[in-house]
Amino acid sequence: MSWLASLVDLFFWLFHDGAFWIFAITTVAAAVAVVVSQNVVRMAFWLILSLGATAGLFFSLNADFVGSAQLLVYVGGTLVLLIFGVMLTASGPFVGIKTKPGELVMAGGVGALLLSLILYSACAVDWRNAGQFDSKGVVAAGYNSPTEGNTTRTLGLSLMGARPDKDLGSTRQLLTSGYLLPFEIVSVHLLVVLVGAAYLARAKRRKSPSAPSSPA
Amino acid sequence: MNWGGAWAGISGQVFEMGFVAPQVFDAGLTERFPGKSEVMPAIDLNLYLFIAAVLFVCGVVCMATKRNAIGVLMGVELVLNGANLNFVAFARYTTLGIDGQVMSLFVIVLAAAEAAIALAIALNFYNNHLTIDVDRGDELQG
């Protein structure tokens with residue numbers, strides 16, 4: 001794992017700016033292609049490209065663990081689930097259900113308005129002078145050893161409820177709160193969701209009286 | 001943008017010319033790869049916000065226009081991904097720190113759970129209606 005992290009770091013060190021632009025353009029273009037394409041299977045492919053390139057953007061933001069989780073959970077898990085859904089439901093005429101052209105034009109207009117609104121409001125804020133800007137980023141704490149990534153230990157400790165990134169060397173009397181309770185809630189939530197999904201998606205028992213107790 | 005930053009950093013020419021770049025992308029890399037100068041052009045926070053905005057709008061348009069239920073799900077994934085990118089970008093560039101990354105991890109987990117449940121619902125819908133077109137699911141309208 002450490003050699004992988006240093007390989008990613010070396011890649012970004014060599015191609016920092018070019019890699020950012022490659023990942024940025026891939027993310028945006030694949031997201032637009034998801035909207036434009038009418039075939040569900042092609043939409044799934046473009047979504048894979050977009051999510052994977054977003055993982056590259058996470059790596060370029062020094063968030064190595066979040067980028068790995070994005071690759072594992074989204075690209076490896078959610079998209080396999082989506083593609084199974086496509087395969088189970090895409091029979092003949094349902095692969096490409098066309099949207100009406102008028103609806104497409106209207107949605108494009110509304111989307112362009114929404115995009116211009118968001119871009120205008122993002123540009124209207126001077127982030128560098130907003131008081132919270134910190135160009136050093138989250139890697140300033142010195143307890144991450146260089147071979148195990150920048151954020152893994154910090155993330156794990158904050159999920160366990162300890163915040164050495166805020167509390168080490170701090171003069172405050174109170175400790176910073178961590179994320180132990182949300183972590184437990186999310187764990188139980190995931191378990192319940194998986195049980196519920198298995199319950200919802202199971203094959204239905206036939207109601208015909210001829211075979212009353214045969215599980216389908 | 002300094003496209004030639006990589007080879008210029010290796011040859012060290014730009015560094016000798018006294019070009020000092022802001023230290024935006026140094027994750028301890030200069031200690032890890034010594035001997036290489038750091039000539040790092042600043043990639044601003046606004047660029048990440050723009051990408052996240054495009055992802056968000058693409059997801060919203062996808063949710064609004066697709067008639068395939070799984071296409072609607074993909075739109076939801078795009079929206080959540082844009083929000084994630086905003087969280088991680090603010091975690092990198094502001095004093096939000098590691099909290100933003102924790103939030104994005106929670107978002108990833110919740111998105112996975114939502115995809116599992118929504119796919120189960122879509123499969124049930126397909127089993128009952130023999131179609132995946134969301135325009136056909138209008139039995140509950142008043």
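Predicted model: local features only at pLDDT ≥ 70, side-chain atom pairs only at ≥ 80, totals over all residues.

Trainee: How do I describe two packed helices?

Mentor: Give the angle between their axes and the distance between the axes. Here, helix H6 (residues 152-159) of chain A packs with helix H6 (residues 98-129) of chain B at an angle of about 75°. Their axes are 10 Å apart. H6(A) and H6(B) are therefore roughly perpendicular to each other.

Trainee: Which residues make the contact?

Mentor: From H6(A), Thr154(A), Leu155(A), Ser158(A) and Leu159(A). H6(B) contributes Ile98(B), Gln101(B) and Val102(B).

Trainee: Why would residues three or four places apart point the same way?

Mentor: Because an α-helix has 3.6 residues a turn.

Trainee: How do the residues of the contact of H6(A) with H6(B) divide?

Mentor: Four are nonpolar, three are polar and none is charged.

Trainee: What span does H6(B) reach?

Mentor: H6(B) has 32 residues and reaches 46 Å from its first C-alpha to its last, close to the 46 Å expected at 1.5 Å a residue. Just after H6(B), Leu130(B) has a positive phi of about 60°.

Trainee: And where is the kink in H4(A) centred?

Mentor: On Leu79(A), with a kink of about 30°. Helix H4 (residues 64-89) of chain A has 26 residues. From first C-alpha to last, H4(A) reaches 36 Å, close to the expected 38 Å.

Definitions and conventions:
Residues numbered from 1 in each chain as written. Chains lettered and ligands numbered in written order. Helix = DSSP H or I, 4+ residues; strand = E, 2+ residues; numbered from the N terminus. Expected span 1.5 Å × (residues − 1). Bend = angle between axes of the 7 residues up to and from the residue. Axes fitted to C-alpha atoms, helices over the stretch in contact; angles between N-to-C directions. Parallel < 35°, antiparallel > 145°, perpendicular 65-115°, else oblique. Contact = placed C-beta atoms within 7 Å. Nonpolar A, V, L, I, M, F, W, Y, C, P; charged D, E, K, R; others polar.
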